[in-house]
Amino acid sequence: MEALWFGIVAGMLAVYVVLDGFDFGAGVLHLLVARTDAERRTVLAAIGPLWDGNEVWLIAGGGALFMAFPVAYAAGFSGFYMPLMMLLWVLILRGLSIELRSHVQDPLWAGFWDATFALGSTLIAIVLGAALGNVLRGVPLDRTGNFHIPLWDSFWPGRDAGVLDAYTVLVGVFTLLALAGHGGLYLAVKTEGAVHARSLRAARLSWIGAAALFPLVTWATVQVAPELPAAAAHRPLVWLVTLLLVAAAAALVVGLLRGRPGLGFVGSAGTLFTLLGAGAAARWPVLLRSTVDPTLSLDAFRAATADHGLRVALAWTAIGLPLACGYFVFIARMFRGKVRVEGTPRA
Amino acid sequence: MIDALFWHRLHFGFTVTYHYLFPQLTMGLALLIVILKWRAFRTGSAIHDEAARFWARIFGINFALGVVTGIPMEFQFGTNWSRFSHVAGGVIGQTLAMEGMFAFFLESTFLGLFLYGEKRFGPRLHLASAVALWAGSWLSGWFIIATNAFMQNPVGYAVADDGRLHLAGFWAFVFNPWGIWQYLHNMTASVVTASFVMAGVGAFWALSGRHREHAALALRTGVIAGLVASCLMIFPTGDRHGKLLAEKQPVTLAAMEGLFESKPGAELAILGQPDVERRRLENPLVVPGMLSFLVYGSFGSTVVGLDAFPRDRWPDNIELLYYAYHVMAGLGTLFIALLALSAIQLRRGRLAETRPLLWALMLAIPFPYIATTAGWMTAELGRQPWLIYGLMRTSEGTSPQVSAGNTLFTLLGFAGLYLVMGVLFLYLVGREIAQGPGGAHGAAPSRHSAIAGEAA
């Protein structure tokens with residue numbers, strides 16, 4: 001039961017990264033691929049009906065973590081107090097930028113929110129990556145079951161590392177590039193003309209950058225969490241997910257090279273999902289790795305609520321998750337096709 | 001330095017109070033929009049359709065602020081109240097996770113359709129998305145109230161050896177009797193807020209001689225819906241909620257009413273200030289026997305006072321609790337009076353010319369917000385000193401490693417950000433109200449189609 005919930009929570013958070021990832025990516029590229037007001041409205045229109053639903057995956061995934069593993073939720077959220085509060089502020093500003101920009105037709109107003117949208121999306125993409133880096137590297141969880149971590153300390157990974165160190169920043173930059181590539185492909189699917197061409201180009205460059213960093217990220221991950229490769233080697237699931245990762249990456253490469261953004265987007269969604277999936281499968285059963293002493297790490301068994309609660313929640317999740325997926329398919333189909341706003345020439 | 005507990009409480013109290021300014025309007029407004037759209041759909045009335053479109057714009061702004069200010073709440077359980085989450089997450093996490101899965105996905109999906117899809121998908125689907133939005137927002141309210149009800153009146157749980165709470169009875173937990181009355185009371189309040197906003201905006205248009213037809217429609221809809229909802233606030237929802245309070249939290253009731261001594265034929269205080277040190281009510285204005293009657297249905301029944309409980313079980317801020325409760329109840333009564341007068345004039349077809357009433361309705365807009373906030377302060381201050389009633393004290397729930405200074409710093413950060421957002425909100429909503437329905441951007445091309453674009 002704990003394993004199942006570990007999978008559900010990890011899966012929901014991975015879906016969050018894939019879905020909100022494309023609108024973060026669109027935000028990262030916003031100022032670069034869209035130059036005129038009409039083009040920028042096109043970018044916002046492409047994510048407008050979807051971004052809020054995407055963000056719900058964070059709320060729902062966080063809720064599932066809270067319910068299934070309250071001990072890990074309590075330790076993790078209070079330990080990351082400062083960075084989470086700052087993340088909240090940026091999330092608020094970014095959400096406002098999407099919703100409020102269109103309310104006043106004025107170049108200063110629009111320009112301010114465009115910049116907020118781009119900057120906020122970029123920061124969040126890096127923070128998401130750094131958060132993943134922290135989970136992989138571990139935190140100074142002590143005997144009380146809590147931890148306190150500075151924003152940064154010695155910038156080198158180790159027992160005294162802060163939220164930001166060389167490793168987590170590296171993962172942050174990798175995530176920024178990958179999500180920019182992901183969002184670029186999404187925009188290429190949804191737009192036409194100049195925005196389409198620029199988005200495809202930006203997606204290519206971003207994914208080339210991410211691919212170039214990937215060996216370094218992998219090497220660094222093994223350095224900070226040496227137990228991961230051994231665990232991975234013994235788990236058939238990790239191998240299966242890695243195979244899927246290879247397939248998804250192949251689709252991504254073909255899509256990028258042949259200029260087929262639809263295929264590329266599916267490939268990049270698959271790549272992100274399987275990367276996270278492989279990481280989670282290798283990491284099981286640890287939720288919060290202790291850098292103080294491995295025996296103090298918080299695993300799923302110690303962190304979980306009692307079996308009855310998990311079973312009941314499984315029953316309603318079996319109804320709720322398919323519904324959530326259904327809504328997404330429904331809304332994506334309702335708004336399928338290229339977006340076009342007044343003021344852009346028809347291609 | 002004041003200890004961290006105080007700042008943690010203020011931190012949550014401030015962010016949740018500010019957040020709730022927005023959902024209380026959207027939940028009630030969703031219902032009123034469904035009514036307007038339904039009328040438009042059935043009768044083909046253009047004015048109803050135009051009104052629905054105007055209120056959808058107000059709804060959209062409020063919803064956006066509700067979403068962005070709501071996200072911190074779920075984080076704060078973990079960031080500021082980690083010992084509480086550690087102990088109770090297995091139970092209250094159920095409703096919070098269900099809220100995401102069953103309410104938020106529904107709402108966010110149909111919000112997209114509702115705000116961006118009218119031109120594209122036609123009136124039938126647009127009405128359906130309004131209904132879905134209303135259902136989603138009211139469902140979300142249910143999950144939150146069920147969570148709060150567990151903290152007020154814990155049911156359906158088991159205590160493990162290590163002190164953690166686990167779910168034992170799902171249905172008992174989800175259909176907590178406390179939650180049912182609190183929910184009805186709360187949702188009716190959100191209809192009151194939306195009605196007052198609608199009627200108040202209508203009164204503004206009527207007073208300034210603009211949009212006459214729309215002013216009349218907004219006044220009519222707001223006054224009628226508001227009067228029905230205001231009456232439901234007191235009976236049965238408020239009445240039943242009070243009786244539950246007498247049964248489950250008698251010390252809270254005593255503190256709310258400023259009743260320091262147990263007595264038969266207890267009086268209901270209309271005015272007065274509690275002097276907790278000397279255990280008496282200053283300059284009281286009371287109705288003899290009324291409290292006994294309201295709680296037990298007979299004027300002679302004994303109501304227990306604060307003296308029946310040890311001091312460490314008293315709510316820790318009796319004065320504020322007393323004032324909050326009296327502000328809520330007093331405003332609730334005034335609402336009925338104002339709306340009943342307005343309804344009489346409406347029936348005589350004279351409301352749009354009765355300028356004093358229009359002034360009162362226009363200036364009344366902030367008051368349902370104050371009443372709702374005071375109501376929630378009554379519930380939350382009344383629960384003190386408990387975080388989970390009878391099980392966990394508030395002082396035992398905070399995050400041990402988050403200091404007072406860090407909490408104050410982030411509280412100030414939220415305060416600054418929310419101040420800016422409040423200014424933006426008033427600017428945007430004020431602009432919409434000044435432009436009114438139809439107006440500059442009500443006609444095609446509408447702003448929403450501008451952002452959503454058209455299919456190629």
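What percentage of the 347 residues of chain A count as buried? I looked this up first, and 59% do. Buried here is a residue with 20 or more other C-beta atoms within 10 Å of its own, the C-beta atoms being placed from the backbone.

A note on what I have open: this is a predicted model, where local features need pLDDT of at least 70, side-chain atom pairs count only at pLDDT 80 or more, and totals for chains, interfaces and linings use all residues. Residues are numbered from 1 along each chain as its sequence is written, while chains are lettered from A and ligands numbered from 1 in the order in which they are written.

Next I checked confidence. pLDDT is the predictor's confidence in each residue, from 0 to 100. Its mean for chain A is 90, and 98% of the residues reach 70 or more.

Then I turned to the fold. I find 13 helices and two strands in chain A; these are DSSP runs, with helices (H or I) of at least four residues and strands (E) of at least two, numbered from the N terminus. The C-alpha trace spans about 65 × 45 × 40 Å along its principal axes.

My last stop was helix α6 of chain A, residues 107-137. Its 31 residues reach 44 Å from first C-alpha to last, close to the expected 45 Å, which is 1.5 Å times one less than the number of residues. I see that α6(A) is mostly covered, with 22 of its 31 residues buried. Just after α6(A), I noted G138(A), which takes a positive phi of about 105°.

Key:
A residue is buried if 20 or more other C-beta atoms lie within 10 Å of its own, exposed if 12 or fewer, and partly exposed in between; C-beta atoms are placed from the backbone.
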